[in-house]
Every structure is written in C-alpha cells, then in structure tokens.
Amino acid sequence: MRFVGSFVIGAFRNPVVPGFFPDPSVCRVGQDYYLATSSFEYVPGVPILHSRDLVHWRQIGNALTEAQLGFGETVPASGGVYAPTLRHHDGLFWLITTNVSGGGTVILTATDPAGPWSDPVRLPGINGIDPDLAWDAEGNCWCTFAGIRQARIDPKTGETLETPRPIWSGTPGAQYPEAPHLYRIGDRWYLLIAEGGTERGHGVSIARGPRPDGPFEPCPANPILTHRSTDRPIQNTGHGDLIQAHDGSWWLLFLGTRPRGGSPGYHVLGRETFLAPVTWVDGWPVIGEVAPVTEGPTLPAAPWPDVQPGDGGGDEHDDFRGPRLHPRWIQPRAATARLDVREGWLTVPEGGFAGRRQTHLSCRVQTRADPDPGAAGGLMVRLDERHWYGVHVDGDQVIAEARIGPLRQVLGVHRRAAGPVLLTVAIDAAGPDPDSPTDSPDLVRLGLVADDVFVSLAELDGRYLSTEVAGGFTGRVIGLSALRGTVHYDWFSYTGSDA
C-alpha cells in the first residue's frame with residue numbers, strides 16, 4: 001500500500017458486503033458511513049450496516065420491526081420490503097422504502113441509525129418501488145421512484161404535494177428503469193438509475209440537468225456500469241448509489257452476483273453489495289474496474305475488531321445467552337424463535353425458522369439440537385419454503401431431507417443416541433470443471449457428529465438452491481428449524497471462506 005497525495009493506493013476484496021444484501025443505499029456523516037439494503041419477506045426488515053472505510057462493514061441493526069411490517073402468512077417469498085434509500089438531513093437519518101405486501105411506501109427517521117427508528121409514515125401518493133429522497137436548497141423534498149417518476153413531498157406527514165410525473169427514464173427501450181437516486185453535485189443535479197432488469201442485463205445509467213426535475217441530459221457513455229455479455233466473475237451489476245468520501249474521493253456501491261458452475265451459471269448467495277472507485281471526466285462519473293480483488297485508490301483501512309478482516313474468511317458463534325438475538329438473525333414473516341423458554345438456548349416453535357445469511361462460497365455450520373418429545377427439527381439451508389436442504393432430529397433418528405419445488409424426499413437416515421445431537425452442514429465451492437456445461441456451483445453435505453466422527457447422510461448439488469432454479473430476489477439463509485413441535489438449540493456456529 002502506498003500514498004499518492006491524499007489517496008491510498010491499494011486493493012480491497014469484493015463483495016464488501018457478501019451474501020443476501022441487495023439494493024444498497026449509502027450515506028455519510030463525517031467519517032462514518034451507513035448502508036441499508038432490501039430484506040423482502042424476512043423480519044426484522046432493512047438491515048443497517050456501519051463502516052469507516054467503505055470496505056469493512058458490520059451490521060448494527062435493522063430499521064423495521066416485525067410489528068411495523070405486519071406480515072401475514074400470505075406474504076410470498078420475495079414479497080415484503082423492497083429497495084430502501086438512506087439519507088442524512090438536518091440532523092436526522094431518513095429511510096424510505098416500499099412494503100409491496102402491505103403498507104406501501106413509508107418513511108422512517110432516527111437520530112441513531114442503529115435504532116430505534118420511528119414508526120413508519122405512509123406516502124399513499126407514491127405508488128412505486130425504489131423510492132429516493134433528495135432535498136434542494138429551498139428545502140423542498142423530492143421523491144423519485146421506479147418508472148422513473150417524481151413528485152415533491154412533505155416527508156414529515158407523507159403528503160404528496162403534486163401529481164407524480166415521468167422524468168428521464170434511461171436508455172430508450174431498456175426494460176425496468178428503476179432504483180433512481182438524485183444528487184446535487186456542483187451546480188448540476190444528477191439522476192442515477194438502474195435499467196435492464198436485475199438479471200444478467202443489469203446496468204447503471206446517469207443523466208444530469210439544471211434542476212431536480214430536469215430537463216435531463218443523458219451521459220453519452222451510458223450505461224456507465226454493466227457486465228452484460230462479458231465473462232467477468234461478477235455479474236448482474238446495477239442498482240447503485242454514489243457517495244463522496246471524507247477525503248474527497250468518489251465511490252459507487254451497487255449490487256452484483258457471483259454465478260458459478262455450468263450454464264447458465266448459478267448464484268446461490270443472492271445479490272450482494274460491491275464497491276468501485278469513481279473518477280469524474282468532463283462532468284460525468286467514470287466507474288473503475290469491478291473485480292474480486294479491486295485495485296485503485298482506497299481509504300485507510302478501518303476494520304472492526306469483532307469482524308473478520310477482508311480476507312474472505314469469517315467465524316461467528318452464537319451461544320444464545322444474551323437478552324436478544326444478534327441483528328444478523330432473520331426469520332421469514334414472523335419472529336417466533338424465543339430466548340426466554342430455556343436459559344441459554346434458542347427455542348423454535350413448530351413451523352418456525354431462524355437463520356443468518358450465507359456470506360461465503362464455502363462454509364461449515366453446526367448446532368446442538370434438542371427437540372421436545374415428538375418434535376422434529378434441525379439445520380436448514382433455505383432459499384424459500386419450496387427450496388431447502390435440511391438435516392434434522394426426528395425421534396430416535398437423524399434425517400437428511402431435501403425439498404425442490406413440489407418434490408420432497410428423505411435422502412439419508414442415521415439412528416441417534418439419547419440426548420442433544422450435534423448437526424452439521426458443510427458447503428464446498430471447490431473450483432468447477434470449466435469444460436462441463438452442467439457443473440454444480442457447490443456441494444452441500446448434510447450430517448451429524450457421532451462419537452466425535454462426522455457422519456455424512458447426503459451430498460447434494462447446490463444449484464437447486466440458487467436463484468436461477470428457484471427464482472426470486474433473495475439468497476440462501478442457513479439456520480434452525482422446527483418442522484414439528486418445539487426444538488431447542490444450545491448454540492450455533494458458522495465458519496466461512498472464499499479461498
């Protein structure tokens with residue numbers, strides 16, 4: 001690492017926020033950076049992360065509680081809360097997002113981004129996803145949303161002050177103009193959007209104009225970011241947010257995926273958050289190279305002491321002895337898991353699931369499970385309720401099972417001794433065969449530890465727990481289930497690596 005002027009020349013690893021953290025929005029307060037992403041059907045909603053160098057991030061909370069979301073059993077997979085925008089204005093943090101499964105577009109505020117956040121204020125006049133907030137010098141608040149449409153609003157009351165109108169919508173003929181973000185930079189207003197859909201055709205385009213409502217002139221180099229039709233290991237690049245760092249440098253945080261395996265390539269961790277340096281040429285932003293190891297100007301490194309450095313590794317252990325779960329824990333639709341049933345244990349009731357995002361291409365997960373008499377449950381690798389692999393305790397047996405769409409099958413059985421059982425999931429993303437069009441992105445092993453020996457009950461092709469197979473907008477979540485009755489868990493450990 002070397003210094004050139006006020007900049008540090010070095011390298012960092014992408015993604016900077018690995019796993020199912022899509023649609024990033026970022027703001028800066030002094031030398032601190034805060035990030036919000038989508039959460040869909042999971043509660044609590046909208047994870048909030050903190051960084052001091054744009055590379056090392058740790059989750060500090062979630063903006064929306066289960067009560068505020070009010071999800072019911074009918075909320076579908078990949079429904080719920082879509083892309084947020086996070087901004088800091090007049091001493092407050094402002095977050096705007098859309099609950100597509102009820103509640104519509106809402107605004108929340110907080111003095112501390114770790115929470116608590118205010119109750120949501122509804123905006124009934126904003127009928128669209130991906131809402132953005134921007135304030136002009138006169139104090140007007142502009143809300144721009146997918147379409148691309150725009151209106152002035154009162155962010156305190158949720159009132160729409162004018163009829164939303166269409167403005168610049170990107171490349172003519174490009175599908176899904178969305179994810180708008182509006183900025184005042186110098187004496188111009190810039191409108192950044194995503195287009196092409198969040199799949200392989202995804203991209204970022206930009207326009208500029210004299211006022212927040214335009215008229216907007218498109219950048220002649222649009223799209224300013226896309227990896228469509230390339231062989232780069234990072235794909236689906238789009239849905240970005242610009243940020244100027246405290247040293248004056250500029251950056252783009254955006255979503256992307258890491259597809260692996262044979263054709264068409266399978267991304268299993270969901271859409272992740274990536275970082276790229278930005279330079280300005282003739283008044284337009286130019287996005288630097290996006291790679292697993294990205295070289296260029298960087299801020300001085302500021303890793304968190306309780307988070308693994310950016311070396312692709314990770315080691316986390318939850319012993320369930322605190323008053324509440326770590327904010328990384330999420331549950332689909334309702335927070336049913338409890339810490340107050342058996343001291344030092346997490347209790348999951350029938351039909352419940354509590355987990356954390358898979359954040360590494362390879363990982364090993366273990367837990368100590370103790371079901372009530374007649375109950376069944378254990379470790380589950382979940383994409384949605386129709387796509388999961390699990391190893392669970394059921395009576396005097398440990399069973400490995402898989403569900404892929406309408407098909408559900410037991411794959412292996414092992415008789416267990418009395419008492420709690422040590423269950424294991426091991427995911428191996430060893431290098432694929434470049435000559436095989438049908439190669440798996442990874443291998444998922446389900447089993448248990450008996451007499452200090454790992455007993456494998458099933459080895460499964462990971463592609464069936466991928467977005468390309470299951471569809472939707474989420475990624476894998478690994479956690480603790482109760483298929484029948486009530487199951488107690490003593491601890492949960494996760495060790496991951498991208499090496």
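1. Which residue forms a salt bridge with R476, and how far apart are the closest N and O atoms? The partner is D442, with the closest N and O atoms 2.8 Å apart. D442 sits in the loop between strand 36 (421–428) and strand 37 (443–450) and R476 in the loop between helix 2 (467–470) and strand 39 (477–481), so the pair ties together parts that are 34 residues apart in sequence. A salt bridge here is a side-chain nitrogen of Lys or Arg within 4 Å of a carboxyl oxygen of Asp or Glu. Helices (H or I, at least four residues) and strands (E, at least two) are DSSP runs, numbered from the N terminus.

2. Basis of the values. This is a predicted model, in which local features need pLDDT of at least 70 and side-chain atom pairs count only at pLDDT 80 or more, while totals for chains, interfaces and linings use all residues. Residues are numbered from 1 along each chain as its sequence is written, and side-chain values use heavy atoms, with hydrogens and water left out.

3. Burial of the opening pair. D442 has 4% relative accessibility and counts as buried; R476, at 0%, also counts as buried. Buried means under 20% relative accessible area, exposed over 50%, and partly exposed in between (1.4 Å probe, protein chains only).

4. Other salt bridges. The structure holds 27 salt bridges. One of them joins the side chains of D241 and R87 at 3.0 Å, N to O. D241 belongs to strand 22 and R87 to strand 8, so this contact ties together parts that are 154 residues apart in sequence. D241 is buried at 0% relative accessibility, and R87 is buried with a relative accessible area of 11%. E385 and R382 also meet through their side chains, at 3.0 Å from N to O. Here E385 is partly exposed at 34% relative accessibility, whereas R382 is buried at 4%. A network of salt bridges links R152, E162, R165, R211 and D213. As background, side chains of opposite charge can pair when their charged atoms come close.

5. Nine of the 10 residues of strand 22 (residues 235–244) are buried, and the strand is mostly covered. Strand 22 pairs with strand 23 (residues 250–257) in the antiparallel sense over six bridges; two strands pair if DSSP finds at least two bridges between them. Q235 is opposite T257 in strand 23. The hairpin of these strands has five residues between them, and G248 takes a positive phi near 95 degrees in it.

6. Strand 9 (residues 92–99) has seven of its eight residues buried, so it is largely enclosed by the rest of the structure. On one side of the pairing list, strand 8 (residues 85–89) joins strand 9 in the antiparallel sense over five bridges, with H88 opposite F93 in strand 9. Two residues lie between strands 8 and 9 in their hairpin, where D90 takes a positive phi near 55 degrees. Strand 9 also pairs with strand 10 (residues 104–110), again antiparallel, over seven bridges. I96 stands opposite I107 in strand 10. In the hairpin of strands 9 and 10, with four residues between the strands, G102 has a positive phi near 135 degrees.

7. Strand 30 against strand 39. Five of the five residues of strand 30 (residues 353–357) are buried, so this strand is largely enclosed by the rest of the structure. Strand 30 and strand 39 run antiparallel and are joined by five bridges. R357 faces V477 of strand 39 as its opposite residue.

8. Four strands form an open sheet in the order 3-4-6-7, with antiparallel pairing. Strand 3 (25–29) and strand 7 (57–64) stand at the edges with a single partner strand each, so one side of each is left without a neighbour in the sheet. Within the sheet, strand 4 (residues 32–36) and strand 6 (residues 45–51) pair over four bridges, and A36 stands opposite I48 in strand 6.

9. Nonpolar cores. The largest nonpolar core has 37 residues, of which L423, L446 and L480 touch the most other members. A second, separate core of 20 residues includes Y190, L192, L252 and V290. A nonpolar core is a set of buried Ala, Val, Leu, Ile, Met, Phe, Trp, Tyr and Cys residues joined through side-chain atoms within 4.5 Å.
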